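Opening the notebook on a new model today.

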Amino acid sequence: MLTATYILVSLSVEQASIRMSLLAFQKYMHVQLRHQSQLSLAQLQYAGDWLNRLYQGGYWRKVEMYLIPAIRQAAPHADGLLNELNGLNHAALESINVVQQRAGAAIDHSELQAGQLCAAIDAFCAALLQRLEKEERELFALARKVIVGEAWFAIAYQFLAHDARAQEARRGRAQVLPFVLPAPLPAPLPAPLSTPLQAAGGSAETAADGAASAPPVPLQPLRAQA
């Protein structure tokens, strides 16, 4: 069914985005901690906050919000697979707890801290990456078997509503830059009424000759007006 294919392709795109976020965070932290023997409290808090964001973001995925409830309703016997997925979530949560507890206790720095933090991050990413793989390989296949007919259309409608809300939220968070009037141009300098030679009683021709032979007077730089 085309609707089922559309939904599962959309979920695969979502999975790929989350996978990239996990791998990018893992790589970034390894690069930052590669040559460090000590960790600051700020680094522990930073890592804990990002792990928590990535973990909580999983609950707002379309898989969690729409596909899994539809599978539960269509196939109560699928609890075994869903429990395995929840177990991987709990493993990721344990890694977050390790980092947050260390940050909360503000333990003394040691050479093992950087390695321990990297190990916790690796365990977290491994658990969620394994969950993503199991969802794509087993959960999506199960969905094709147990979800039928109008249930796919209901999920598709939920997807469209979800995307519309997300787009509206992004539009609401967009910052509108204030319009700033350009600074006024400096007023033009008044034209001289007479040359110094004319003011001294000389003729216009004499003034022109004097201006041609005299070296040019450098202009004073314009100062910006407030």
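Which residues does K62 touch, leaving out those up to four places away in sequence? I'm working from a predicted model, so keep that in mind throughout. I get S10, L11, E14, L67, F159, H162 and D163 as the contacts of K62.

I placed K62 in helix α3. I then checked its accessibility: K62 has a relative accessible area of 8%, so it counts as buried, the cut-off being under 20%.

I find S10 in helix α1, which covers residues 2-33. Its relative accessibility comes to 17%, and that also makes S10 buried. Beyond residues up to four places away in sequence, S10 touches K62 and F159. F159 is in the K62 list too.

**Entry: L8**

I stayed in helix α1 for L8. Buried or exposed? L8 is buried, at 7% relative accessibility. With residues up to four places away left out, I see L8 touching F140, R144 and W152. I also took a C-alpha distance here: L8 and A143 are 135 residues apart along the chain, and their C-alpha atoms are separated by 9.1 Å.

**Entry: the nonpolar cores**

Next I asked which residues touch the most other members of the largest nonpolar core. I noted L11, L67, I71, L139, I147, W152 and I155, out of 25 residues in that core. I then looked up where the core comes from: α1, α3 (62-74), α4 (79-105), α5 (112-146) and α6 (150-173) each give two or more residues. The top contributor is α3, with six residues.

Setting aside residues up to four places away in sequence, I147 touches L67, A70, I71, W152 and I155.

**Entry: helix α2**

L51 and L54 sent me to α2, where both are buried. The helix runs over residues 41-57, so I have 17 residues to look at. From first C-alpha to last I get a reach of 24 Å, close to the 24 Å expected at 1.5 Å a residue.

Which residues of α2 are buried? My list reads L44, A47, G48, L51, L54 and Y55. I looked down the axis of α2 to see how they are arranged: the buried residues fall within an arc of 130°, so they line one face of the helix.

**Entry: α1 against α2**

Two packed helices are described by the angle between their axes and the distance between the axes, so I looked up both. The axes of α1 and α2 come within 11 Å, and they cross at roughly 170°. Angles over 145 degrees count as roughly antiparallel, so α1 is roughly antiparallel to α2.

Which residues make the contact? On the α1 side I have S21, L22, F25, Y28, M29 and L33. On the α2 side I have Q43, Y46, A47, W50, L51 and L54. A47, L51 and L54 are also in my list of buried α2 residues.

Q100 lies in helix α4, and at 35% relative accessibility it counts as partly exposed. Leaving aside neighbours within four places in sequence, Q100 is in contact with G48 and N52. G48 is one of the buried residues of α2. I also noted that Q100 and D49 are 51 residues apart in sequence and 8.3 Å apart in space, C-alpha to C-alpha.

A126 sits in helix α5. I get a relative accessible area of 43%, which makes A126 partly exposed. From A126 to Q26 there are 100 residues in sequence and 10.0 Å in space, C-alpha to C-alpha.

**Entry: the whole chain**

Last, I stepped back. How many helices and strands does the protein chain have? I count eight helices and zero strands. Of its 226 residues, 30% count as buried. Then I checked the contacts with a separation of 6 or more: residues 24 or more positions apart account for 85% of them.

Note on methods
Residues are numbered from 1 along each chain as its sequence is written. This is a predicted model: local features need pLDDT of at least 70, side-chain atom pairs count only at pLDDT 80 or more; totals for chains, interfaces and linings use all residues. Side-chain values use heavy atoms; hydrogens and water are left out. Helices (H or I, at least four residues) and strands (E, at least two) are DSSP runs, numbered from the N terminus. Buried means under 20% relative accessible area, exposed over 50%, partly exposed in between (1.4 Å probe, protein chains only). Contact means heavy atoms within 4.5 Å. A nonpolar core is a set of buried Ala, Val, Leu, Ile, Met, Phe, Trp, Tyr and Cys residues joined through side-chain atoms within 4.5 Å. The expected span of a helix is 1.5 Å times one less than its number of residues. The arc is that of the directions from the helix axis to the C-beta atoms. Axes are lines fitted to C-alpha atoms, for helices over the stretch in contact, and angles run from 0 to 180 degrees between N-to-C directions. Angles under 35 degrees count as roughly parallel, over 145 as roughly antiparallel, 65 to 115 as roughly perpendicular and the rest as oblique.
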